[in-house]
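Please open the model in your viewer and keep the selection panel at hand. The tour moves from the whole chain to single side chains and then to the ligand.

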Amino acid sequence: MSDSYAVIGNPIGHTKSPLIHGLFAQETGQDMRYVAIEGPLEPAQAFADTVKDFIAAGGKGMNVTAPFKLHAFAMADERSERAALAGAVNAMKFENGRVIAENFDGVGLVRDIEVNLNQPMAGKRVLVLGAGGAVRGALLPFLAARPAQLVIANRHVDKAKALVEQLALNGSLSACGYAELESMEPFDLIVNATSASLTGQLPPVPPCVFSPHATAYELAYGKGLTPFLRLARDAGVQGIADGVGMLVEQAAEAFAWWRGVRPQTRAVIDRLTVPLN
Ligand code: NDP
């Protein structure tokens, strides 16, 4: 019988994960099936019960998407350092009756930027907008990439400051509100990790943050030219990208973690890409 995997979320109709993992399995010759599960929102215990049922039926692993990333964190027996800092889990592996939890969102994002877009972060000035779950997952991988400066800007600045304090690091990491960006030097990489684009909104980021040679990266994907990417383009930025590469790269990390073989990602990214103009 094929090994069984799933993605769990609610709603889940939009998910690309079965397609992505199906293509990975085909390419690497892995005997596995991968389905989408709409997890129950209530009662509180229902998410964990659904996961346990999947394990009892022989399930080997799961991806986790909104709104269950915190639920998955809570039910895990073991958590990676990345998952622990994020307080959120996007992949689980089931072994010997234990739930092992990971968060690959950040490594997927860094790999997309550094490898696919060929924009190494070492020595660069990097600005991240937002301080939600995606940013929490991305912070350790971003710091490991050794930017000269990493600034986290958020509407509720206390949230960004709490994240920075949690890491208690040196001066290369700092937090601020949007107004303070007006008086800062431009950045080499600007990442919109807010959820503003999901509702067609623009975070209050001033155009002066974009240096002419900058890369502007939008975490949302499949939405074409979002207000953030349009702002970047109007500021003269040539290098713009959305989060489709991150989506595929985090999936590849989970696949490699489960199956011990890393799939190729380029063709899958190309297949899922929605043009940005
Ligand atoms: P969260 O809900 O955890 O956080 C949302 C963040 O967006 C908060 O920092 C919030 O600020 C900020 N925000 C929301 N609306 C606005 C606005 N109008 N102006 C300024 N800031 C705003 O979301 P996630 O971190 O989980 O997700 C963020 C984005 O990343 C989403 O677009 C999501 O789709 C995308 N994503 C993409 C992935 C991929 O694979 N490509 C993977 C995971 C996420 P405040 O705290 O001040 O309210």
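What follows is a list of stops, each with something to select and a description of what is there.

**Before you start.** This is a predicted model, in which local features need pLDDT of at least 70 and side-chain atom pairs count only at pLDDT 80 or more, whereas totals for chains, interfaces and linings use all residues. Residues are numbered from 1 along each chain as its sequence is written, and side-chain values use heavy atoms, with hydrogens and water left out.

**Stop 1: the whole chain.** Show the chain as a cartoon, and you will find 10 helices and 12 strands; helices (H or I, at least four residues) and strands (E, at least two) are DSSP runs, numbered from the N terminus. Along its principal axes the C-alpha trace spans about 60 × 35 × 30 Å. The radius of gyration of the chain is 19 Å, which agrees with the value near 19 Å for a compact globule of 277 residues; this radius is taken over C-alpha atoms, and the globule rule is 2.2 Å times the number of residues to the power 0.38. If you colour by accessibility, 53% of the 277 residues are buried, where buried means under 20% relative accessible area, exposed over 50%, and partly exposed in between (1.4 Å probe, protein chains only).

**Stop 2: helix α5.** Select residues 105-116, the 12 residues of helix α5, which reaches 15 Å from its first C-alpha to its last, close to the 16 Å expected at 1.5 Å a residue; the expected span is 1.5 Å times one less than the number of residues. Buried residues of α5 include Val-107, Leu-109, Val-110 and Ile-113. Just after α5, select Asn-118, which takes a positive phi of about 55°.

**Stop 3: salt bridges.** How many salt bridges does a search of the whole structure find? The search finds 9, a salt bridge being a side-chain nitrogen of Lys or Arg within 4 Å of a carboxyl oxygen of Asp or Glu.

Select Glu-78 and Arg-98, whose side chains meet in a salt bridge at 3.0 Å, N to O. Because Glu-78 lies in strand β4 (residues 78-79) and Arg-98 in strand β6 (residues 98-102), the pair ties together parts that are 20 residues apart in sequence. Glu-78 is partly exposed at 35% relative accessible area, and Arg-98 is partly exposed at 36%.

Go on to Arg-262 and Glu-249, which form a salt bridge at 3.4 Å, N to O. Here Arg-262 sits in the loop between α9 (244-259) and α10 (266-272), while Glu-249 belongs to helix α9, 13 residues apart. Glu-249 is buried at 1% relative accessibility, whereas Arg-262 is partly exposed at 30%.

Finally, select Asp-270 and Arg-266, whose closest N and O atoms are 3.1 Å apart in a salt bridge. Both residues lie in helix α10, 4 residues apart, about one turn of the helix.

**Stop 4: the ligand.** Select the 23 residues around the ligand, among which Ala-134, Asn-154, Arg-155, His-156 and Lys-159 come nearest; a residue is near if one of its heavy atoms lies within 4 Å. Which distance separates a ligand oxygen atom from an N or O atom in the side chain of Lys-159? That distance is 2.6 Å. Ligand oxygen atoms also lie 2.9 Å from a polar backbone atom of Ala-131 and 3.0 Å from a polar backbone atom of Ser-195.

Terms used
Polar contact = N/O pair within 3.5 Å; in protein donor to acceptor, adjacent residues only side chain to side chain.
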